[in-house]
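This briefing accompanies a structure and its sequence. Please keep both in view while reading the points that follow.

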Amino acid sequence: MQIRSDHTHHLDRTVGEVWDAIGRTDEYRQWWPWLRRLDAVGLVAGDEWNCTVQPPVPYTLRFVISIDEVEDGARAWATVTGDIVGSAALVVSSSADGCDIRLSSALRPKSRSLRAVSTLAPWMARFGHDWVITTGLEQFRRRAG
């Protein structure tokens, strides 16, 4: 099972403000209590973010986000390995009254236990993924400004 997602959200902040907040990886664990571990230098090409995530489902995800490419102030591309594997992209673009954040990804389970969950309860895998994205964005809106 592969989970593809493409979420675009509007924020009433400038691209510069949002990009600055995204770059403050040292604050992520304060914003997102479900992010149990994050070892990251920053949003820079070549960095590897070691992550542990606990969504409200009966499993924990451990993975590495390898930051492949960054266009400062605009977009970033990454490869994900670990319990889940795939790719993700982040695009921040200006709009008339703020900016839009677009997060797209194509991820699939790699660990045996997650493959089992995805096969037996695909709704649970989708719920966990969507919960992290939507909850994470709302928490970002409240805390990153």
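Asp 97 lies in the loop between strand 6 and strand 7, where helices (H or I, at least four residues) and strands (E, at least two) are DSSP runs, numbered from the N terminus. The model is predicted, and local features need pLDDT of at least 70, side-chain atom pairs count only at pLDDT 80 or more, and totals for chains, interfaces and linings use all residues. Residues are numbered from 1 along each chain as its sequence is written, and side-chain values use heavy atoms, with hydrogens and water left out.

**Asp 97 and its surroundings**

- Asp 97 counts as exposed because its relative accessibility is 53%; buried means under 20% relative accessible area, exposed over 50%, and partly exposed in between (1.4 Å probe, protein chains only).
- Leaving aside neighbours within four places in sequence, Asp 97 is in contact with His 10, Leu 11 and Asp 12, contact meaning heavy atoms within 4.5 Å.
- The side chains of Asp 97 and His 10 make a polar contact at 3.2 Å. A polar contact is a pair of N or O atoms within 3.5 Å; within protein, one must be able to donate a hydrogen and the other to accept it, and residues adjacent in sequence count only if both atoms are side-chain atoms.
- The C-alpha atoms of Asp 97 and Pro 56 are separated by 34 Å, and these residues are 41 residues apart along the chain.

**Strands and hairpins**

- Strand 6 (residues 84-95) and strand 7 (residues 98-109) run antiparallel and are joined by twelve bridges; two strands pair if DSSP finds at least two bridges between them.
- A hairpin through two residues joins strand 6 to strand 7.
- Ala 88 stands opposite Ser 105 in strand 7, and Ser 93 has Asp 100 in strand 7 as its bridge partner.
- Strand 5 (residues 75-82) also runs antiparallel to strand 6, with six bridges between them, and a hairpin through one residue joins the two.
- Trp 77 stands opposite Ala 89 in strand 6.
- Nine bridges join strand 1 to strand 7, and these strands run antiparallel; Asp 6 stands opposite Ser 104 in strand 7.
- In a regular strand the side chains alternate between the two faces of the sheet.

**Two buried loop residues**

- Thr 25, in the loop between helix 1 and helix 2, is buried because its relative accessible area is 6%.
- Not counting residues up to four places away in sequence, Thr 25 touches Leu 38, Ala 40, Val 41, Gly 42, Leu 43 and Trp 49.
- Asp 47, in the loop between strand 2 (35-39) and strand 3, is buried because its relative accessible area is 9%.
- Leaving aside neighbours within four places in sequence, the contacts of Asp 47 are Ala 40, Val 41, Gly 42, Ile 65, Ser 66 and Ile 67.
- The side chain of Asp 47 reaches the backbone nitrogen of Val 41 at 2.7 Å, and a polar atom of that side chain lies 2.9 Å from the backbone nitrogen of Gly 42.
- Asp 47 and Asp 68 are 21 residues apart along the chain, with their C-alpha atoms separated by 8.0 Å.

**Helix 4**

- Helix 4 (residues 122-143) has 22 residues and should span 32 Å at 1.5 Å a residue; its end C-alpha atoms are 31 Å apart, which agrees. The expected span of a helix is 1.5 Å times one less than its number of residues.
- The buried residues of helix 4 include Met 124, Gly 128, Val 132, Ile 133 and Phe 140.
- What covers the buried residues of helix 4 includes strand 1 (3-11), helix 1 (15-22), helix 2 (28-31), strand 3 (48-53), strand 7 and helix 3 (112-120).

**Nonpolar core and aromatic rings**

- The largest nonpolar core has 38 residues, and those with the most contacts inside it are Ile 22, Val 92 and Phe 140. The largest share of this core, five residues, comes from helix 1.
- A nonpolar core is a set of buried Ala, Val, Leu, Ile, Met, Phe, Trp, Tyr and Cys residues joined through side-chain atoms within 4.5 Å.
- Beyond its neighbours within four places in sequence, Ile 22 is in contact with Tyr 28, Leu 43, Leu 90, Val 92 and Phe 140.
- The structure holds seven aromatic pairs; rings of Phe, Tyr and Trp (its six-membered ring) pair if their centres lie within 6.5 Å, and planes under 30 degrees apart count as stacked, over 60 as edge-to-face and the rest as tilted.
- One aromatic cluster is formed by Tyr 28, Trp 31, Trp 32, Trp 34, Trp 49, Trp 131 and Phe 140.
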